[in-house]
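The sequence and structure come first.

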Amino acid sequence: MRVPLSWLREYVDLPATETGRDVQAKLISVGLEVETVEQVGDGVKGPLVVGKVLTIEELEGFKKPIRFCTVDVGQANGTGEPQEIVCGARNFAVGDKAVVVLPGAVLPGDFAIAARKTYGKTSHGMICSGDELGMGDDGSHGIIVLPPEHEVGTDAIELLQLVDEVLDIAVTPDRGYALSIRGVARETATAYGLPLRDPALLDVPQPNAFGYPVQVSDPMGCDRFTARTVTGLDPDARSPLWLTRRLQKAGMRPISLAVDITNYVMLELGQPLHAYDRSRVQGPIGVRRATQGEKLTTLDGAKRTLDAEDLVITDDRGPIGLAGVMGGANTEIDDTEGTTTEVVVEAAHFDALSISRTARRHKLASEASKRFERGVDPQAASAAAQRTVDLLVLLAGGTADAGVTEVIAPSAPHTIAIPADHPDKVAGVAYGRETVVRRLQEVGCDVYGQDELIVTVPSWRPDLTDPNDLAEEVIRLEGYENLPSTLPKPPAGRGLTDRQRLHRRIGRALAGAGYVEAPNYPFIGEHVFDQFGLTADDPNRKVVKLVNPLSDEEPALRTTLLPGLLGALRRNDGRGSHDLALFETGLVFHPREELKIAVRLPVDRRPTDEEIASLTEALPVQPRHAAVVLAGAREQAGWWGKGRPSDWADAVEAARVLAREAGTELVVRGGQYGPWHPGRCAELAVVVEGVEQVIGYAGELHPGVLKTLGLPARTSAMELDLDVLELASSGVPKGPKISTFPVATQDVALVVDVAVPHAGVEAALREGAGELLESIRLFDVYENAAQLGEGKKSLAYALRFRAADRTLTVDEASAARDAAVALAAELTGAVLRG
């Protein structure tokens with residue numbers, strides 16, 4: 001919201017010495033976000049005056065039309081003689097009044113004016129356009145032609161209000177009242193402790209049966225509709241300078257008198273209005289929900305297909321406007337033809353949620369919808385209609401029709417019961433009852449009671465709904481900067497939880513293994529599941545969708561970390577970084593089978609365990625996952641030797657790293673799922689309370705997925721569920737016990753069927769070797785049909801045995817090895833290679 005300081009002063013008697021910066025500081029102190037203070041016309045210097053065009057000579061022989069003019073500027077040039085000026089504009093004629101800048105003046109942008117020879121003539125100044133004066137676009141695309149009543153030689157700087165200060169306020173969604181001069185003036189008056197001249201305090205005639213007929217069939221969508229009629233308008237009347245200048249400073253472009261007046265009143269009072277050409281409205285004006293598929297051409301020229309939830313304004317022909325958003329082209333006031341002499345003024349109050357959804361559905365944000373969806377004062381509709389009528393009568397020579405139409409749905413003012421000391425408890429400051437009552441009254445509330453206050457909320461503050469909202473009003477007006485800083489005193493023993501420690505250890509372990517953390521946004525589009533090749537009944541396809549997503553292409557919360565990580569890998573690879581190892585730990589989201597409504601937690605005390613549990617049950621299931629993606633070289637080549645590309649085994653090893661940090665054993669076996677290569681995918685599982693649970697997958701991604709997503713060849717990935725891994729965890733890992741006795745190493749080579757997985761053989765060896773086994777390592781895989789037989793392979797393992805209390809003998813180590821081989825032979829069919 002752009003607020004000219006000169007306009008603000010009309011309603012608050014600010015000290016003459018107060019600058020825009022001073023007002024900015026005051027408004028920020030009461031909670032408004034004043035982003036900038038624009039110095040309009042800063043550096044403009046006269047003489048800049050009203051001139052009358054006396055003669056025009058067309059200069060020939062140039063590429064563009066050029067005119068040599070003489071202009072009467074009175075005594076502004078010191079001689080009283082006509083001023084000779086060369087000008088290229090053509091939207092003026094002899095006898096017109098224009099804005100003339102004379103030599104010695106300075107225009108915006110530090111543009112100094114001097115006499116200069118051009119096109120064979122000497123130009124002593126300029127005839128100015130709005131852009132040259134920093135006034136913005138006035139729609140004329142030429143010089144400013146002034147009304148004839150302005151005297152020659154009049155100072156144009158003051159006439160055009162070229163010098164001003166404009167406050168640019170970022171209005172938050174809960175402060176809709178601040179989208180008006182009236183609302184900002186109220187905050188300014190409160191901040192300075194000055195009285196407010198409320199522009200909405202007007203004498204409004206009572207409704208009667210003679211007004212324009214209105215039929216509201218949806219009182220929930222439109223609880224108030226005021227219609228007024230003005231006849232006998234002068235179709236040639238134009239908006240006066242003071243009106244157009246205020247619109248321009250507020251960031252709006254002047255269009256026509258009737259439209260400018262409705263925009264002006266909207267800025268002034270915060271109530272959006274619409275003016276209909278009465279001759280183009282057929283029958284009563286109605287308000288209803290649209291019929292699915294109805295058509296409407298709006299003022300922007302777009303033909304729109306309406307939804308059954310859209311609230312529309314109608315006449316006998318059907319929709320003539322999208323309620324609270326934009327009017328229809330079939331009842332537009334056409335200023336180009338100059339035929340509108342009668343208008344019907346609409347000032348209505350519409351449901352905020354309905355208007356917000358309509359504006360978003362049609363991607364049609366307007367100044368009206370921006371205000372309605374944030375909350376408009378319903379009690380201001382009649383005053384806004386009266387103000388519009390008064391201006392139409394004053395500026396367009398119209399006559400106000402005696403008929404006044406008001407359709408009002410019965411409603412009661414909103415009241416809130418609040419203990420008088422509630423703001424004190426919220427802020428931790430002793431304000432006292434008198435301060436609380438005074439501040440609430442300054443906001444516009446009616447307050448009754450002693451220890452227990454009954455507060456009636458003003459109609460322009462729909463955001464005040466409970467005691468905490470009222471406490472916030474008291475606190476902000478007393479000054480956030482006056483709140484004391486108090487450090488919390490946490491009870492002893494409230495350090496990191498075991499879960500938090502595990503997550504930190506996992507992050508450090510992956511970083512130590514050469515992975516780079518790459519956090520991503522938790523939003524995805526459902527098309528990614530097709531790209532990953534997930535089946536139609538895959539649980540990951542069930543997503544939680546956002547009501548108000550940041551992007552229509554990613555409206556859902558992620559059920560897997562891989563889309564974000566693979567997207568980061570693709571971007572980095574495309575920018576020249578080909579050797580990549582990325583990881584992320586974060587939440588994924590799954591909808592609950594039963595949807596529950598979240599409870600509203602209190603802010604004046606700690607929520608109870610039951611309240612927290614109820615809130616948790618209303619949230620989606622949010623397990624924490626860890627994932628890695630790899631591409632390019634895993635080990636770099638150099639003088640030390642050849643490098644090594646990353647492969648599926650690196651992804652599996654990343655999962656083992658996480659399992660070691662959790663202090664649990666990871667079961668790794670062949671698997672097949674979604675985006676992974678069916679022959680190079682490992683299924684990851686852990687044992688929780690005696691039951692084996694699959695927690696993720698690791699391996700090389702499917703070539704089809706790589707092609708679809710534009711990823712490098714042989715890209716690998718791993719993802720697992722950290723929450724289930726934590727359940728299988730043995731707690732904080734303990735440091736290993738270091739034995740002072742020597743190790744005994746035994747190597748075995750076992751011949752097994754090609755289909756037998758290494759994980760099964762290793763598990764059998766580990767179990768058979770017993771407690772003397774310190775470690776086991778696969779160091780060779782060998783396949784040769786001539787030596788081993790068809791369909792056979794050899795797995796060679798290094799077994800390390802050690803006792804904590806003695807040096808093992810050769811017989812003890814050999815016995816442990818033989819026991820391990822025997823069990824492997826029994827469970828997997830392994831044969832000791834000769």
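The largest nonpolar core has 56 residues, and Leu-167 and Ile-169 have the most contacts inside it. A nonpolar core here is a set of buried Ala, Val, Leu, Ile, Met, Phe, Trp, Tyr and Cys residues joined through side-chain atoms within 4.5 Å. Buried means under 20% relative accessible area, exposed over 50%, and partly exposed in between (1.4 Å probe, protein chains only). Helix H9 (residues 381–396) supplies the largest share of this core, 9 residues.

| Core | Residues in core | Named members |
|---|---|---|
| Largest core | 56 residues | Leu-167 and Ile-169, with the most contacts inside it |

The model is predicted: local features need pLDDT of at least 70, side-chain atom pairs count only at pLDDT 80 or more, and totals for chains, interfaces and linings use all residues. Residues are numbered from 1 along each chain as its sequence is written, and side-chain values use heavy atoms, with hydrogens and water left out.

Leaving out residues up to four places away in sequence, Leu-167 touches Met-1, Arg-2, Val-3, Leu-5, Gly-20, Val-23, Gln-24, Leu-27, Val-34, Thr-36 and Val-37. Contact means heavy atoms within 4.5 Å.

Tyr-276 lies in strand E16 (residues 274–277). Helices (H or I, at least four residues) and strands (E, at least two) are DSSP runs numbered from the N terminus. Tyr-276 counts as buried because its relative accessibility is 2%. Beyond neighbours within four places in sequence, the contacts of Tyr-276 include Val-281, Ile-285, Ile-313 and Glu-346. From Tyr-276 to Thr-297 the separation is 21 residues in sequence and 15 Å in space, C-alpha to C-alpha.

Five strands form an open sheet with mixed pairing, in the order E14-E17-E20-E21-E22. Strands E14 (214–216) and E22 (326–327) are at the edges, each pairing on one side only. Two strands pair if DSSP finds at least two bridges between them. Strands E17 (residues 285–289) and E20 (residues 311–315) run antiparallel and are joined by 4 bridges. Arg-288 has Val-312 in E20 as its bridge partner.

The lining of the second largest cavity divides into 4 nonpolar, 5 polar and 3 charged residues (Ala, Val, Leu, Ile, Met, Phe, Trp, Tyr, Cys and Pro count as nonpolar, Asp, Glu, Lys and Arg as charged, the others, Gly among them, as polar).
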